[in-house]
Amino acid sequence: MSVFKAEIQQKPPIASVGIFAWLRANLFSSLFSGVLTVSVAYLLYLSLPPLANWALFNADFVTSSNTECTRQGACWAYVIEKIDLFIYGFYPAESYWRVQLAFALALFIIAFMRLARGRQWRFKAIILAFLMYPFVAFVLLYGGFGLEVIETHQWGGLTLTIVVAAVGIIASFPLGILLALGRQSKMKIIRLFSVLYIEFIRGVPLITILFMASVILPLFFTEEMNVDKLLRALIGITLFQAAYIAEVIRGGLQAVPTGQFEAADAIGLNFIQKMSLVILPQALKISIPNIVGSFIALFKDTTLVLIVGLFDVLAMVGLSSSDENWLGRETEGYVFVALILWIILYSMSKYSKNLERRFSTEHKI
Amino acid sequence: MKNIIEINSLNKWYGDFHALKNINLNVKEGEIIVICGPSGSGKSTLIRCINFLEKFQKGKIIVDGTRLSDNVKKIRQLRSQVSMVFQHFNLFPHLSILDNLTLAPIWVHHQPKQQAVDKSLQLLERVGIRDQAEKYPNQLSGGQQQRVAIARALSTSPKIMLFDEPTSALDPEMIAEVLDVMVELAKEGMTMLCVTHEMGFAKKVADRIIFMDEGQIIEQNQPDMFFNQPESERLQLFLEQILG
Ligand SMILES: Nc1ncnc2c1ncn2[C@@H]1O[C@H](COP(=O)(O)OP(=O)(O)O)[C@@H](O)[C@H]1O
Ligand SMILES: [Mg+2]
């Protein structure tokens, strides 16, 4: 350690630091980038002040109806009054705590994962949490075990958006792994099935799948079984997402060197052990950026569930702005929802960058 | 002493390409065999057939009394008897050195974890890198990685060790440390088949050296005869090239 202390501390020459050097290096490194910088600055100059005026300086925050929003800018009072609708949909207000608890638990598990790396017992705790959480969350949101049942047609808003996305993400993952392995299988029938499934789904837009799930699925069930509308959408989304995840994971599998397969064979692991202990951990690590990219795409696609009669956070805009007190306030609603979705998606993408970096510094291939 | 490996008129094709032509080879328990020959002559293919990493179309191989066949159970039993060390180490990069070693004992041989860890640490001691147990493969030098690979191959307590050019991917200054470990193993009575062009190693420990070319065994002999009185022209040419 002390060896390095002997090194002479040298400051970089003055010209390469400071604001001018930075400007020069990043904004005016060539004529083209200089022109670009100036035009972007001009566009910002044109658009930012009116936007700030609308969103902040001329906005109304506390009024009780549309007509009292007399200033020129945005009427955030509308968003503030309808905030519960945006977040919880038609979920009964006295049960909001159940939603809050379910999400708090999820955040807790995610935070816990960070602390737990490298610890054997914590690893087991995480696996357990992962397996238990869906059941706990389901009971919290839906009811049972002494909690009052809240039917899924009362679910809505951001809660519904997150439930749909989370179920789609979690349920499609194992299915996607199976399909990816199936596509590489030596058994012809399994391979054929996987290829047909993946290519069929990827050739059809989610909207179509959702329609099929809500129209065709009920044909397989009797009248009394009447499958839940939300469940149908969840099945459709899961089946859809699994095909994309399968392709992403297949890419990861192909990137694992053949030597790894041979070494795993040579020490006598069976197929399941070889895949789960040696190949998949490496393939998944390689695929993290693409997996998250695919999840982000899914999250955006969840807004399509409106088509089959579910009211996610985006659908709440139309619903709440048709309230006669707040007629014609869609703009504020859409801006607000866009902001929420952006925050969520941006966090997802940051989190994936973070995961990547952690994995790659811990142990590179 | 009895034959632990018997290979009878072994033939192997890759598509139309005849990679192994009528190979016959018996290996006694504890015998050290070095296989050499020009690149593409089928050396890797031959030793990979012995632990069934490659399938073959004709002939038979009997390892420790069991005839190799497509039976998955038997193949996995075989693989705990016959270990392999690869040219490019093929360590598992996502697992620590220790976890690389305990993987097979725990999952294939169902040993209690503590026992597997203790034995793995002993093996690491034996190859001289006990202090690196918690590191990951990419944090070690090539020579250290190959020694870990040897320790991993030993973790299943095999009767036979196969080496496929274990030193040819290494920087010159690291070759000796790997060969030392192999010499130690040879002295302890392990049955070994080594594909290598390290002729110093061959002279020192080999009981028999086999020369292959174009999928055939051209010549085999004990070391001094092999080097001093090569019979076939091809071997003479090969020795001239390799010994300079
Ligand atoms: N998987 C394969 N498919 C087709 N040909 C192969 C394959 N593996 C090896 N071969 C061919 O078989 C011959 C012998 O290969 P190999 O046993 O690797 O030779 P060596 O180890 O002596 O260099 C070579 O000509 C090689 O091109
Ligand atoms: Mg070879």
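# Note on a predicted two-chain model

1. E240(B) sits in helix α9 (residues 233-243) of chain B; helices here are DSSP runs of H or I with at least four residues, strands are runs of E with at least two, and both are numbered from the N terminus. Because its relative accessibility is 56%, E240(B) counts as exposed. The cut-offs are these: buried is under 20% relative accessible area, exposed is over 50%, and partly exposed lies in between, with a 1.4 Å probe and protein chains only. Between the C-alpha atoms of E240(B) and C194(B) there are 21 Å, with 46 residues separating the two along the chain.

2. Some ground rules for reading the rest. The model is predicted, with local features requiring pLDDT of at least 70, side-chain atom pairs counting only at pLDDT 80 or more, and totals for chains, interfaces and linings using all residues. Residues are numbered from 1 along each chain as its sequence is written, chains are lettered from A and ligands numbered from 1 in the order in which they are written, and side-chain values use heavy atoms, leaving out hydrogens and water.

3. What makes up the secondary structure of chain A? There are 14 helices and zero strands. Read from the N terminus on, the elements run α-α-α-α-α-α-α-α-α-α-α-α-α-α. Chain A has 365 residues, of which 40% count as buried.

4. Chain A is divided into domain 1 (13-57) and domain 2 (83-91 + 150-322 + 329-358). The bounds come from an automatic or database domain assignment. How far apart do the C-alpha centres of the two domains lie? The distance between them is 39 Å.

5. V99(A) is a buried position to look at. V99(A) belongs to helix α5 of chain A, and with a relative accessibility of 2% it therefore counts as buried. I87(A) is twelve residues from V99(A) in sequence, and their C-alpha atoms are 9.7 Å apart in space.

6. The surface of chain A carries a positive patch formed by R114(A), K350(A), K353(A) and R357(A). Patches take residues with over 30% relative accessible area and no salt bridge, joining like charges within 9 Å and nonpolar side chains (Val, Leu, Ile, Met, Phe, Trp, Tyr) within 5 Å. Lys and Arg count as positive and Asp and Glu as negative, while His and the chain ends are not counted; a charge is placed at NZ of Lys, CZ of Arg, CG of Asp or CD of Glu. Helix α14 (residues 330-362) of chain A gives the most to this patch, with three residues. R114(A) is placed in helix α5 (residues 96-115), and its 39% relative accessibility is why R114(A) counts as partly exposed.

7. A nonpolar surface patch of about 820 Å² is made by F200(A), F211(A), M212(A), V215(A), I216(A), L219(A), F220(A) and I307(A). Accessible areas come from the Shrake-Rupley method with a 1.4 Å probe, and for residues only the protein chains shown count as cover. Which helix supplies the largest share of the nonpolar patch? Helix α9 (residues 206-215) of chain A does, with three residues. F200(A) is located in helix α8 (residues 188-202) of chain A and is partly exposed, its relative accessible area being 48%.

8. Next, charge pairs. Side chains of opposite charge can pair when their charged atoms come close. A salt bridge is a side-chain nitrogen of Lys or Arg within 4 Å of a carboxyl oxygen of Asp or Glu. By this rule there are 16 salt bridges over all chains. One of them joins R183(A) to E199(A), with the closest N and O atoms 3.1 Å apart. This pair links distant parts of the chain, R183(A) being in helix α7 (residues 157-183) and E199(A) in helix α8 of chain A, 16 residues apart. R183(A) is buried at a relative accessible area of 16%, whereas E199(A) is partly exposed at 36%.

9. In chain B, E188(B) and R126(B) meet through their side chains in a salt bridge (2.6 Å, N to O). E188(B) lies in the loop between α6 (172-187) and β8 (191-195) and R126(B) in helix α4 (residues 113-126) of chain B, so the pair ties together parts that are 62 residues apart in sequence. E188(B) is partly exposed, with a relative accessible area of 48%; R126(B), at 45% relative accessibility, also counts as partly exposed.

10. The side chains of E214(B) and R234(B) form a salt bridge too (3.6 Å, N to O). E214(B) lies in the loop between β9 (208-213) and β10 (216-221) of chain B, and R234(B) in helix α9 of chain B, so this pair ties together parts that are 20 residues apart in sequence. R234(B) is partly exposed, with a relative accessible area of 36%.

11. Back in chain A, salt bridges that share partners join R183(A), E199(A), R202(A), E247(A) and R250(A) into one network.
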